[in-house]
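I opened this notebook to keep track of what I looked up, entry by entry, in a structure that was new to me.

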Amino acid sequence: MVLRVCSYGYDYQLDRVLEGDNKDNKPSELCSLLDYVGYCFCFVGYWTGPFYTYSTYYKMLHSKTLIRSSKLALAHMKPMLILLPLHMLQNTYNNLDYTMEGEFLNQSFLFKFLYLIAAFWTFKVKFFGGWIMAEAVCIACNLGTVEKEDGSVDYSSI
């Protein structure tokens, strides 16, 4: 949220500099307090975490066409079918409480090293799942979508 609060002034100033080249539906004046609070506390960025500029938020709200993105968002979630059971399985067999027991401390260095690599992978899988879900939310909300002239949609700016 701090980035969104700080970047609004930069985004507004950049819009003023590029005022003659206002092809992107950017607002050319300061927004109302309600719009600013909506930008700062928008669900997509507040809970899922990606940073986006006010221009991107404005385009998301004022897009002239509704892009049907639910199928793409669900397709983006396909890795979760592998990551979720893998995380549950690893969480069952790779308990971090075991690393504090005396039995673990008496194991060889190689065993400890491999056990901690597996524990690290468990946390890594959890974060991968969170990032995939956050990107799917952005896709479903059409945040960062760019409509091309031929009618196709580019999601690479998410």
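Predicted model: local features only at pLDDT ≥ 70, side-chain atom pairs only at ≥ 80, totals over all residues.

Entry on the core. I then asked which residues make up the largest nonpolar core. I found 12 residues in all, and Cys40 is listed among them, together with Tyr8, Cys31, Tyr39, Cys42, Val44, Tyr52, Tyr54, Tyr57, Met60, Cys138 and Leu143. Looking at where these residues come from, I saw that helix 2 and helix 4 (54-61) are the elements that give two or more residues to this core, and that helix 4 gives the most, with 3 residues. I kept a general remark beside this entry: in soluble globular proteins, nonpolar side chains tend to be buried together.

Entry on the cysteines. With several cysteines in the core, including Cys31 and Cys42, I searched the whole structure for disulfides and found 0. For Cys138, which is buried with a relative accessible area of 2%, I looked up the closest cysteine sulfur: it belongs to Cys141 and lies 7.2 Å away, which is too far for a bond, because a disulfide needs the two sulfur atoms within 2.5 Å.

Helix 2 (33-40) and helix 3 (43-48) each supply at least two residues of the patch, and the largest share, 3 residues, comes from helix 3. Tyr46 is found in helix 3, and at 38% relative accessibility I recorded Tyr46 as partly exposed.

Entry on Thr122. I next looked up Thr122, which is found in helix 8 (residues 109-140) and is buried, with a relative accessible area of 4%. Leaving aside residues up to four places away in sequence, I found that Thr122 touches His87, Gln90, Asn91 and Asn94.

Entry on the whole chain. Last, I stepped back and counted 8 helices and 2 strands, which follow the pattern α-α-α-α-α-α-α-α-β-β along the sequence. Of the 158 residues, 28% count as buried, and the chain exposes about 11,000 Å², with carbon and sulfur atoms supplying 65% of it.

Notes. Residues numbered from 1 in each chain as written. Heavy atoms only, no water. Helix = DSSP H or I, 4+ residues; strand = E, 2+ residues; numbered from the N terminus. Buried < 20%, exposed > 50% of the residue type's maximum accessible area, 1.4 Å probe, protein only. Contact = heavy atoms within 4.5 Å. Core = buried A, V, L, I, M, F, W, Y, C linked by side-chain atoms within 4.5 Å. Areas by Shrake-Rupley, 256 points an atom, 1.4 Å probe, with all protein chains shown as cover.
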